[in-house]
Structure formats: structure tokens, C-alpha cells
Amino acid sequence: LFPEHFGTYAIVTLFLELFAKFNNTGVDKYIIQYKGSEGRFIQSVFTFAVTNSLIVFILLQILARPLLSLTGFLDAEIYLRVLSFILLGSPIRSISIAYVEKDLDYKLGSITSIVAAAVQILVGVSLAYMGYGVWALVLGNLLSVIVEIITILIITRNVKYMAISFDSKIFKDILNYTYPLLISTILVYLYWNIDDYMVGKILGEVQLGFYYFAFKMPHSFQDISTILSRVTMPLLSKLDDMKKKLVLYDVVVKTTAYIMFLVLLNTVVFGREIIVYIFSEKWLPALFSFQVLMAVVVLRNITTYWGILHQSQGITKYFLIPTPFNLLGISIIGYFLVSSYGINGMSLAVLITMYLSIIVFVPKYTRIVLPSFSYTKTLAKPLISLSLIGVLAFIIKGTFPINSLIHLITHLTLVSVVYIGFIYFFLQI
């Protein structure tokens, strides 16, 4: 695959993900925090979700060509239309997983995610080697979703919720809970994708391909907080003792920080070698953006839990406040930096906006539910670990140069083992 293939696929996912935000209205979070009587509850939620998915799917089929004409990527129309069938499977996946995770059973989501990822990699890589270009990315994604849904149905053998039931009270309750999440999610989508649009519009398809690579590779680690959130939200919903909530929140944030700081450390120290020996030298123009955007992912993973904390308490109104700030920040800072510094400037614009948003909003909103929580105290030891082992990693790299993939793997393994060992002994202090 070449940068132009990723550039085309980036435009396809740009619009698909926009409609996916309307499709995923937050019914999974609604199910988890719901404490009323069951009755026909789950059937009504399923009816709401399916109706919404059909409407969104039909709208995308109608608007696919007009939307793509705005970017000049009309050749991507067939890819967008085919990939849009993913939207129809969303209700089965989200409701099935939410229903079992409400009872603190997390195996289903983990198993199906692993299966889906394996299928996407297998199909995508196979078709790429066979020369299918963009279709390798499209079909890999589509088939992974199909297999994931089939796996869910096989494991749960529970289709009782797949029935039509209209309950106006539940529909109204869903809308009241999810509309702030929906609006916030759409704004989040805009500020996380306005950079793709600006890079494609200003710099063209090839540079967009490099930027898409630099953005998507780090964001594969976003699943770390996603997995932990599956455990955290049901537990926070069930806990009434604020001291226990505080302890749980502290553990989750600190655990995420330790994991993500190791990923960041290896990316910063060995980023060039990772690209050269794993992806090939043709992707080196994306190196700086890859490293900067990994820092963005680290910040996102560590600070994302305030939203889970609020959702677990049935609070969604604060989601509407940070997102316009972020959208405006990336648009203004990104416009000036991308014009002068290309994709490197855009990645810096994303990092600067994310950092400012965290400083302004995250501690404030966390303290609404947990007044005594301190990010400074929680992140102190992870930051010390990152700094000390980071210096050591640079010394190791300078002393023992990396000339092959085997050398790279050895360095990554050595630094990771030292990092984990240091943390183990550091936590005993």
C-alpha cells in the first residue's frame, strides 16, 4: 500500500465516522447506567437503535456523492457506499456487549474485539499483497465487523432483545440521556477530523496519506482506555461509597499512565527505527507527526475517564462544553501551522489544543464528582518513571546502535523489561 491509498481511505472514513456518530447515540452507556425495571426495556432500546441505524444508513447512501464532491475525491464513492453497511450492525454489537457488561462480565467485548482485529489484519494484509489497494483496507474493515457480529451471536445465543417494542417513555428517556452525548460526540468528531480535511485540502492526497498513517498508528493504542472503560463504568455505576470511587478512579488513571508512558517512551526513542524496520523507509516523512500524535494519544487515554465518571452518574451535560473549544483551537492553530510546516505543523496543532483543553477542563470536571482527586499526585510516580527510564533508553540506543529488526526488538524488549522492573520496585517505596 502507498500513501495515496491511505489518503483515499482517510477521506472515506472521514465521512463514514461522521455518520457513525449519529448512528452510535450512546444507548450502550444508557443500558449500563439504567436502574429501572426491565420489562420490555431492552426490546425498546433495540427498536430505537435499529430505527436510528436504518435512517443514518439511508442518509449516507443518498449523500455520499455530494459529500465527496466537497473534497474532490469522487473516485472514493464506491468505497464509502460499501463500507457504510457497517452501520447496520452497530445495534447488535453495542446492545449485546452493554447488556453483559452491565453485570460486570467483560469477556464478550474482549473476545470479539480480538477476533475482529485478527480478521481485519489478515484480510487487509492478504489483499494488500495481492494488489487490491484501497479495497484491502475497505474489505478488511467490513469483514472484521461481520465476523465480530457473528461471533457475538454465537457466544451469547441471546436474541431475545431482537424484537420490536415501542415505548414512548423509554424513547424519551434515551433521548434525554443521549442527546448531550450525541452533540458532544459530533463536535468531537469534527475537531478530530477537521485536521484530515485541512491536510487533504491544503497539502493533497499523498501528504494526507502520510498524516493518516501518523494519526492511525498511535490511535490503535486508544483501545487501552476503551478496554479499561468497559470495566470502570459498570463498577462506578454500582459503587455508592465515594471513597471507593476515588480509589478505583485513581487506580485506573495510574494504570493507564504506566502503560501509555511505556508506549510513548519507545515511540520517542525508537520511532525512526520502528518505521524503517517495520513499515519501510517510504513512511519516514510521517516520523515527527507519528511521535507527536502518540503523545496526543497518551494524553487522551489518561484523561478520558472523567467522561466515564460522569456517565456512570447519569451526568452528560458537561460534555458539550470542552468540544467547541477544541474544534476552534485545532481549526485556528492548525490552519496557520499546516500552511507553514505541513503535516508536522498540523500534528503540533492537535497536541497544543489537547494540552490546553486538558489544563482548562479535565481537573475541574473530575472534581465535580470526586472533589479530592488530584491528577498531580496520581501521575507523579508514572512521570518520574518515564523521565528516568527515558534517559536510560537514549543511553542504551547511543551505546548499542540499531541496524536490523532483531536489534530493534532487542532494544524494545530490554527497555520495556527495565521500565516494568523499575515500576515494580518504585511502587514498593
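Visitor: How many helices and strands are there in the secondary structure?
Guide: The protein has 16 helices and zero strands. Helices (H or I, at least four residues) and strands (E, at least two) are DSSP runs, numbered from the N terminus. This is a predicted model: local features need pLDDT of at least 70, side-chain atom pairs count only at pLDDT 80 or more, and totals for chains, interfaces and linings use all residues. Residues are numbered from 1 along each chain as its sequence is written, and side-chain values use heavy atoms, with hydrogens and water left out.

Visitor: What share of the residues is buried?
Guide: Of the 429 residues, 51% count as buried. Buried means under 20% relative accessible area, exposed over 50%, and partly exposed in between (1.4 Å probe, protein chains only).

Visitor: And the contacts, what share is between residues 24 or more positions apart?
Guide: Such pairs account for 82% of the contacts with a separation of 6 or more. Contact means heavy atoms within 4.5 Å.

Visitor: Let's pick a helix. What does H9 span?
Guide: H9 covers residues 205-219, 15 residues in total. From first C-alpha to last it reaches 21 Å, close to the 21 Å expected at 1.5 Å a residue. The expected span is 1.5 Å times one less than the number of residues.

Visitor: Which of its residues are buried?
Guide: Leu208, Gly209, Phe210, Tyr211, Tyr212, Phe213, Ala214, Phe215, Pro218 and His219.

Visitor: How does H9 pack with H14?
Guide: The angle with H14 (residues 322-369) is about 40 degrees, and the axes are 10 Å apart. That makes H9 oblique to H14. Axes are lines fitted to C-alpha atoms, for helices over the stretch in contact, and angles run from 0 to 180 degrees between N-to-C directions. Under 35 degrees counts as roughly parallel, over 145 as roughly antiparallel, 65 to 115 as roughly perpendicular, and the rest as oblique.

Visitor: Left-handed or right-handed crossing?
Guide: The H9 and H14 crossing is right-handed. A crossing is left-handed if the near helix is turned anticlockwise from the far one by less than a right angle, and right-handed if clockwise.

Visitor: Which residues meet there?
Guide: Gln207, Phe210 and Tyr211 in H9 meet Ile343, Met346, Ser347 and Val350 in H14.

Visitor: How about H9 and H12?
Guide: H12 is residues 287-303; its axis comes within 8 Å of that of H9, crossing at roughly 35 degrees. The crossing of H9 and H12 is right-handed. The H9 side includes Tyr211, Ala214 and Phe215, and the H12 side includes Phe290, Leu293 and Val297.

Visitor: Switching to Pro3. Buried or exposed?
Guide: Pro3 counts as buried because its relative accessibility is 8%. Pro3 lies in H1 (residues 3-23).

Visitor: What does Pro3 touch beyond four places in sequence?
Guide: Glu205, Val206, Gly209, Phe210 and Trp283. Pro3 and Val206 are 203 residues apart along the chain, yet their C-alpha atoms are separated by 5.3 Å.

Visitor: Where is Glu148, and what is it in contact with?
Guide: Glu148 is in H7 (residues 134-156). Glu148 is buried, at 7% relative accessible area. Leaving aside neighbours within four places in sequence, Glu148 is in contact with Arg93, Thr112, Ser113 and Ala116.

Visitor: Last one. What is the phi of Ser280?
Guide: Near 95 degrees, a positive value in a residue other than glycine. Most residues other than glycine have a negative phi. Ser280 sits in the loop between H11 (242-279) and H12. Ser280 is partly exposed, at 26% relative accessible area.
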